[in-house]
Amino acid sequence: MFKNFFRVASASPRVKLANVDANVETIASMIGVFAGNDVDLAVFPELCLTGYTCGDLYHDRTLLDAVVRGLARLAEETSSVATAVIVGAPVIYNNVLFNCGIVIHGGRVRMIVPKTYIPNYGEFYEKRWWQPADDVWDGRVTLLPGVIDDVPFGAKQLYEIGGVRIGIEICEDLWTPIPPSSRMAMAGAQIIANLSASDAVVGKYDYLCNLIAQQSARTITGYVYASAGFGESTTDLVFDGKTIIAENGWIARRNSRWQTGDQSVIADIDIEAIDHDRLYKSSFADCAMRELAFGFTRVVSDVTMREATPAALMRPVDPTPFVPSDDETMNGRCSEVINIQVAALAQRLSATNTRSLVIGISGGLDSTLALLVAVKTFDRLGYDRKGITGVTMPGFGTSGRTHTNAVTLMEALGISTREISIAEAVTLHFKEIGHDPSVRDVTYENAQARQRTYLLMDIANQTGGMVLGTGDLSELALGWATYNGDHMSMYGVNAGVPKTLVRHLVRWLAEKAGSEVVRKALIDVADTPISPELIPVDESGNISQKTEDLVGPYELHDFFLFHFIRFGRSPRKIFFLAQIAFKGLFDDKTILHWLRHFCRRFFNQQFKRSCMPDGPKVGSVSLSPRGDWRMPSDAQSAIWLREVDQLQDEIK
């Protein structure tokens, strides 16, 4: 395990029916491969030592004795590796035959869990051979005196490796209204192993993948599913060798089915993220207290876990967690976000009986998105677009490019427009407060931002409307807004949208624009460097003040924000993930420089978020002080900054 990533493998070996020795050889060979890849836990299919389709041979003592010898052989195979193994085999307990998942680790058979639910319908008539677990909760069984002695046997057990707790269910168990894994998770299991022999029929695979993903989400677990494959009898059924690994609602790995050889997938499960979500979602613990009638016992491993190397984390690390990488998902994401924003604004207008909006239009990304949402909202409510007043307020740093785009969009969209230069008013203000306008400091910049907000608020009073805020989630995280300037509005429609997604939303809306004029203007807005335009343009009339030169790349900050808020990750963990996600794009020194900047600003700027306007939550990360993120403005960043400083010392 490395940095709380628990490495799991799902395996579907080619089986030879009733040939236990051959199956054990295959499994032993795969264990060696997994151990070489620092796998912490390897899960094999239901009844993999014999094959699932042995029928009445399960009642044959010769086969059952071979199973016991096979388990002893596999125990020997694990004596020199750190990998824990779960295999499926028939086990006799108190003269009753059970279909079991068996944990083998560190040279010993550690735990045996019988299948809870035995199907007896459709193509499965398993009750001919197997008994359900029922009340077998806390038994012990000796399979081979002196070799496999006094092994814990029962359905309510968890196996623990280095603090990671593992529950076992078998095939049909997952398909029941309340799978055993639900209670295992509430008892503390972070990993669920499912040993299965699920046949292939048309439509079943997609349903199963959804079922696995949903169960991993419902239980907040890593779910390792291993199913029988080639070699099983095809007298009536066909088995396609499914190996699937899910984590908290998403499929992390799955194999290509229908292969004739051994199949496997390996993935790293983020135990820290699982534990974080269980702490965050208080209903999880409430449900555990309400539903757990009997406690589970834990079988704790005495095998020392091997520290895996960080060379190849076996899970994807998305550099843009807010922005889907494939077009189909991106299209759905953009549609959903816009609908959330429009529905939110529509409700606020309806609740306040308001048919007038005032928006400061700069020609930048955020104000453009707010304008487009406002237009869509008015259209949905059947309001006249002229009720939207777009105000351009050129200042000392306004460029011709942004001003042209702002004017073009307002005219093409058919809203009311006003233009008010702030230069004269701000110059007078400088005189009043005794500020030298040649000193382009924070006073110079913020005076312009507050003047613009002052104008918007008064125009809203004139028109009987409300000021629509344009600031986005990333700016809120960094505090990149002038307090009581662009920080303030009467409704912040972009408050839940991170900067990296804003750009994609504008591009997406450009492709759906009915007007070629609007489309071209939106594309140019998306291509324009991000800037508050508070410092005069250069000698060529181009933007001289670029936000990302000052606060850092939004691609990095949105990555930091997602992992810090969504999973409560430490700077060290965020840095480790960023190294993987941005390999070849940002070096370690650059990542740490901006990570320190993020931590410092995030804490120091909380006072702005504490009094931010209402605005809709859009995704899993939100900074509303009334909802998802409640932090005192006095909180200090010292321990986070200290950890970043330690990392900087380590890379020197």
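1. Helices and strands are named here as DSSP runs, numbered from the N terminus. The model is predicted. Helix H4, residues 204-219, lies across strand S13 (222-227) as well as S14 and S15. Its direction makes an angle of about 35° with S14.

2. The sheet to which these strands belong is open and has seven strands, in the order S15-S14-S13-S12-S11-S10-S17, with mixed pairing. S15 (250-254) and S17 (297-300) are the edge strands; each has a single partner strand, so one side of each has no neighbour in the sheet. On average, neighbouring strands of this sheet are turned by 25° against each other, direction ignored.

3. The largest nonpolar core comprises 92 residues. Leu 371, Phe 560, Leu 561 and Phe 602 have the most contacts inside this core. Another core, of 56 residues, lies apart from it and includes Ala 42, Phe 44, Phe 98 and Phe 124.

4. Leu 561 deserves a separate entry. Leaving aside residues up to four places away in sequence, Leu 561 touches Phe 322, Leu 473, Ala 477, Arg 566, Phe 598, Phe 602, Val 621 and Leu 623.

5. On cysteines: zero disulfides are found in a search of the whole structure. Cys 334 has a relative accessible area of 0% and is therefore buried, the cut-off being under 20%. Cys 611, at 30% relative accessibility, counts as partly exposed, because that class runs between the buried limit and the exposed one of over 50%.

How values were computed
Residues are numbered from 1 along each chain as its sequence is written. This is a predicted model: local features need pLDDT of at least 70, side-chain atom pairs count only at pLDDT 80 or more; totals for chains, interfaces and linings use all residues. Side-chain values use heavy atoms; hydrogens and water are left out. A nonpolar core is a set of buried Ala, Val, Leu, Ile, Met, Phe, Trp, Tyr and Cys residues joined through side-chain atoms within 4.5 Å. Buried means under 20% relative accessible area, exposed over 50%, partly exposed in between (1.4 Å probe, protein chains only). Contact means heavy atoms within 4.5 Å. Two strands pair if DSSP finds at least two bridges between them. Helices (H or I, at least four residues) and strands (E, at least two) are DSSP runs, numbered from the N terminus. Axes are lines fitted to C-alpha atoms, for helices over the stretch in contact, and angles run from 0 to 180 degrees between N-to-C directions. A disulfide is a pair of cysteine sulfur atoms within 2.5 Å.
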